[in-house]
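Hi everyone, thanks for having me. Let's look at one structure together, and please stop me whenever you like.

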Amino acid sequence: MAIFKFLIASIFISLIVLHSAEADQKINSNQAASKDSEKIDCGSACIARCQLSSRPNLCHRACGTCCARCSCVPPGTAGNYDACPCYASLTTHGGRRKCP
């Protein structure tokens with residue numbers, strides 16, 4: 001009789017653990033889906049950012065790299081780095097700002 005109770009308790013605990021693991025998996029998949037929905041169109045954002053640049057090809061390349069890493073581009077054609085702190089924090093090997 002004791003073995004039967006132990007078996008029932010083990011099955012019950014296994015079901016609880018399995019249910020908990022499935023719930024965690026659903027939460028993680030929802031978080032991944034929400035991160036994908038936060039992606040912006042880097043091409044159009046960088047076109048707007050670089051429209052007044054004296055070197056548009058260089059500006060688009062740098063902006064595209066920064067946008068891909070940060071998923072944001074500050075508004076306007078210059079400045080406004082406070083709107084996207086990640087964008088503002090990227091620097092070159094020489095310590096200068098990487099992102100236009």
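How do the residues lining the largest pocket divide into nonpolar, polar and charged? In this predicted model, the lining has five nonpolar residues, two polar ones and three charged ones. You can find them on your screen: S53, S54, R55, L58, C59 and A62 line the pocket, together with R97, K98, C99 and P100. The space inside this largest pocket comes to about 170 Å³.

Now let's turn to a pair of helices. Helix α2 covers residues 42–49, and helix α3 covers residues 56–70. Their axes lie 9 Å apart, and the helices pack at an angle of about 135°. The crossing of α2 past α3 is right-handed.

Which residues meet there? From α2 come C42, C46, I47 and R49, and from α3 come H60, C63, G64, C67 and A68. Six residues of this contact are nonpolar, two are polar and one is charged.

Notes: Residues are numbered from 1 along each chain as its sequence is written. This is a predicted model: local features need pLDDT of at least 70, side-chain atom pairs count only at pLDDT 80 or more; totals for chains, interfaces and linings use all residues. Side-chain values use heavy atoms; hydrogens and water are left out. On a 1 Å grid over the protein atoms alone, a cavity is a set of points where a 1.4 Å probe fits but cannot get out, and a pocket is an open set with protein on both sides within 12 Å along at least five of seven lines; lining residues have an atom within 4 Å of a point. Grid points are joined across faces, edges and corners, and a volume is the space filled by probe spheres set on the points. Ala, Val, Leu, Ile, Met, Phe, Trp, Tyr, Cys and Pro count as nonpolar, Asp, Glu, Lys and Arg as charged, and the others, Gly among them, as polar. Axes are lines fitted to C-alpha atoms, for helices over the stretch in contact, and angles run from 0 to 180 degrees between N-to-C directions. Helices (H or I, at least four residues) and strands (E, at least two) are DSSP runs, numbered from the N terminus. A crossing is left-handed if the near helix is turned anticlockwise from the far one by less than a right angle, and right-handed if clockwise. Contact means heavy atoms within 4.5 Å.
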